Amino acid sequence: MAYEPQLPINLPLGDFMELEYHLMNTRPGVKPDAFVAELVHRWLSIETERLALQKNGPAIRGFQWKNIFLPDGTNLRTCYQHTIEFSKVAGDHIRSDDGEQLTPSQFANRHAKGRNAWRFVWLRFPGEDNWVRADDYRKRLNKQLAPCLNQSKDLLKEQNHRGF
């Protein structure tokens, strides 16, 4: 293991003790300094994505999954028997951590068979802090689009009725 220089960061003693007790109960063996370093790394990653999104605007490239567009930089996550796997939209493709190009279904079924990707894949869009289950996101999107689709259908019916 290579040497990595470190600097101390001061926390109020009460906060540090609360964190240490919490980690002892929920993640035995994880030291507070390693946990805080991981949190800072994750926060910096998300914040970097958010700033790039503000500076460069939304991604033009991405992966089209049925009626959902996953912009370049979208993270995908799945879990099977306590093993968590990640992949990311890079350009127009989904790539696993080992570089394999996958569809959402292939990603969800890498270590299992017959799993519905909508139910077993979670998404974190660029600049977002939280993960959302793909099926929940799809339902929310369909609910938002329903009034627009109904209005379009009504316009088409009206045009057909007039003979356009």
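**Charged pairs**

I began with E100, which counts as partly exposed because its relative accessibility is 39%. I kept in mind throughout that this is a predicted model.

I then looked for the partner of E100 and found that its side chain meets that of R110 in a salt bridge, at 3.1 Å from N to O. The pair links distant parts of the chain, since R110 sits in the loop between α3 and α4 (117-120) and E100 in the loop between β5 (93-96) and β6 (101-102), 10 residues apart. R110, with a relative accessible area of 25%, is partly exposed. I also noted that E85, D98, E100 and R110 are linked in a network of salt bridges, and that the structure holds 8 salt bridges.

Next I turned to pairs within helices. R42 forms a salt bridge with E38, with the closest N and O atoms 2.6 Å apart; because the two residues are 4 apart in helix α2, about one helical turn separates them. R42 is partly exposed at 49% relative accessibility, and E38 is partly exposed with a relative accessible area of 34%.

In helix α5 (residues 134-162), D135 and R138 are 3 residues apart, so they too are separated by about one helical turn, and the closest N and O atoms of their salt bridge are 2.8 Å apart. Is D135 buried or exposed? At 9% relative accessibility D135 counts as buried, because the cut-off for that class is under 20%, while R138 is partly exposed with a relative accessible area of 24%.

**Overall layout**

I counted 5 helices and 8 strands in the chain, and read their order from the N terminus as α-α-β-β-β-β-β-β-α-α-β-β-α. Of the 164 residues, 26% count as buried. The chain exposes about 12500 Å², of which carbon and sulfur atoms supply 55%. Among the contacts with a separation of 6 or more, 45% come from residues 24 or more positions apart.

How much volume does the largest pocket have? I recorded about 620 Å³ for the largest pocket. It is lined by 17 residues, and the closest to its centre are Q6, L7, D33, A34 and A37. The elements that give two or more residues to this lining are α1 (13-26) and α2, and α2 gives the most, with 6 residues.

β3 (75-80), β4 (83-90) and α3 (104-108) each supply at least two lining residues, with β3 giving the most, at 3 residues.

**Surface and backbone**

Back on helix α2 (residues 32-56), which carries V40, I noted that V40, W43 and L44 form a nonpolar surface patch with about 300 Å² of accessible area together. V40 itself counts as partly exposed at 40% relative accessibility.

Finally I looked up positive phi values outside glycine. K66 has a phi of about 50 degrees and lies in the loop between β1 (62-65) and β2 (68-71), where K66 is exposed with a relative accessible area of 67%. Q81 has a positive phi near 50 degrees, lies in the loop between β3 and β4, and counts as exposed at 61% relative accessibility.

Terms used:
Residues are numbered from 1 along each chain as its sequence is written. This is a predicted model: local features need pLDDT of at least 70, side-chain atom pairs count only at pLDDT 80 or more; totals for chains, interfaces and linings use all residues. Side-chain values use heavy atoms; hydrogens and water are left out. Patches are made of residues with over 30% relative accessible area and no salt bridge: like charges are joined within 9 Å, nonpolar side chains (Val, Leu, Ile, Met, Phe, Trp, Tyr) within 5 Å. Accessible areas come from the Shrake-Rupley method with a 1.4 Å probe; for residues, only the protein chains shown count as cover. A salt bridge is a side-chain nitrogen of Lys or Arg within 4 Å of a carboxyl oxygen of Asp or Glu. Buried means under 20% relative accessible area, exposed over 50%, partly exposed in between (1.4 Å probe, protein chains only). Contact means heavy atoms within 4.5 Å. On a 1 Å grid over the protein atoms alone, a cavity is a set of points where a 1.4 Å probe fits but cannot get out, and a pocket is an open set with protein on both sides within 12 Å along at least five of seven lines; lining residues have an atom within 4 Å of a point. Grid points are joined across faces, edges and corners, and a volume is the space filled by probe spheres set on the points.
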